[in-house]
Amino acid sequence: EAVQERFFRPYFLQAPGDMVAHEGLLCRLDCKVSGLPTPDLTWLLNGKPVLPDGTHKMLVRETGVHSLLIDPLSQNDAGTYTCLATNKTGQNSFSLELTVVAKEVKKAPMFLEKLQNCGVPEGYPVRLECRVVGMPPPIFYWKKDNETIPSNRERMSMHQDTTGYVCLLIQPAKKAD
C-alpha cells in the first residue's frame, strides 16, 4: 500500500508580543511553532538575520519551544524582531518590538572644583563655591565646625545648579563666621 505523506504549513502556537527589557540583563524571546516537516526558524532584527555569537543564542527545548537568548542585552539589541518559520509547504512569521531600557549609570560624588580658603573684611559678602558631579546627582549639606548649617539660616543662602555648581553666600559676613 502506498503511504501518503502529510505536510502542514508552519503555524505559531505561541509568540511573544512587544517587550521592554533592561540593558545588561538576560532577555529571552520564546515561541512555539507547529508544521510538517518540522520548520526551520530564522530570527531577524530590523530585517537583518540575527546570528549566534557571544551574546545571542538560539535554543530548542524538548517541549518544542524555540528561544532567542540575548545575554547581556545592549542598546544595539533594540528594534523590530521577526521570527520566520519555513518548511517545504511555506512559511509563517510574527514580529515584535523590543525596547531596551538603559542601565542606570552610578558614579560616586567627585569634586571638580574644591572650596578655596578666603578672607573678607567684616560686613562684606562672601561666596564659598565648589563644583561636584555624580550620578545620581549628589545632595549637598554645608557644615561649619562640623555642625550642619540649616538652609534657612539668617544671612546665609545656598545655591546650586544642574552643572554641579554649589555656593554658600554669607552676607554680610561677621567675625563669628
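## Two hairpins

In this predicted model, the hairpin formed by β4 and β5 has 2 residues between its strands, and within this hairpin Asn 46 takes a positive phi near 50°. The two strands run antiparallel and are joined by 2 bridges, with Leu 44 standing opposite Pro 49 in β5.

A second hairpin is built from β6 and β7, with 4 residues between the strands, and here Gly 64 is the residue that takes a positive phi, near 90°. Strand β6 covers residues 56–60 and strand β7 covers residues 65–70, and they pair in the antiparallel sense over 5 bridges; across this pairing, Met 58 stands opposite Leu 68 in β7.

## The five-stranded sheet

Strands β4 and β5 also belong to an open sheet of 5 strands, whose order is β2-β9-β8-β4-β5 and whose pairing is mixed. The edges are held by β2 (19–22) and β5 (48–49), and because each has a single partner strand, one side of each is left without a neighbour in the sheet.

## Asn 87, a buried polar side chain

Which strand holds Asn 87? Asn 87 lies in strand β8, which spans residues 79–87, and its relative accessibility of 9% falls under the 20% cut-off, so Asn 87 counts as buried.

Two backbone oxygens lie within polar contact distance of this side chain, taking 3.5 Å as the limit. The backbone oxygen of Phe 8 is 2.8 Å from a polar atom of the Asn 87 side chain, while the backbone oxygen of Leu 36 is 3.3 Å from a polar atom of that side chain.

## Asp 53 in a loop

Asp 53 is placed in the loop between β5 and β6, and with a relative accessible area of 40% Asp 53 is partly exposed. The side chain of Asp 53 reaches the backbone nitrogen of Thr 55 at 2.9 Å. Asp 53 and Asp 30 are 23 residues apart along the chain, and their C-alpha atoms are separated by 18 Å.

## The largest pocket

The largest pocket has a volume of about 380 Å³. Its lining consists of 20 residues, of which Cys 118, Val 126, Leu 128, Ile 170 and Asp 177 lie nearest the centre of the pocket. The elements that contribute two or more residues to this lining are β11 (126–135), β12 (143–144) and β15 (165–170).

By residue class, the lining of the largest pocket divides into 12 nonpolar, 2 polar and 6 charged residues.

## Annotated regions

An unreviewed UniProt entry carries the annotation "domain: Ig-like" for residues 10–99 and 109–177. In the model, residues 10–99 are 0% helix and 63% strand, and the end C-alpha atoms of this span lie 27 Å apart. Residues 109–177 are 0% helix and 43% strand, with the end C-alpha atoms 27 Å apart.

Key
Residues are numbered from 1 along each chain as its sequence is written. This is a predicted model: local features need pLDDT of at least 70, side-chain atom pairs count only at pLDDT 80 or more; totals for chains, interfaces and linings use all residues. Side-chain values use heavy atoms; hydrogens and water are left out. Two strands pair if DSSP finds at least two bridges between them. On a 1 Å grid over the protein atoms alone, a cavity is a set of points where a 1.4 Å probe fits but cannot get out, and a pocket is an open set with protein on both sides within 12 Å along at least five of seven lines; lining residues have an atom within 4 Å of a point. Grid points are joined across faces, edges and corners, and a volume is the space filled by probe spheres set on the points. Ala, Val, Leu, Ile, Met, Phe, Trp, Tyr, Cys and Pro count as nonpolar, Asp, Glu, Lys and Arg as charged, and the others, Gly among them, as polar. UniProt positions are given in the numbering used here, feature names are shortened, and annotations may be inferred rather than shown by experiment. Buried means under 20% relative accessible area, exposed over 50%, partly exposed in between (1.4 Å probe, protein chains only). A polar contact is a pair of N or O atoms within 3.5 Å; within protein, one must be able to donate a hydrogen and the other to accept it, and residues adjacent in sequence count only if both atoms are side-chain atoms.
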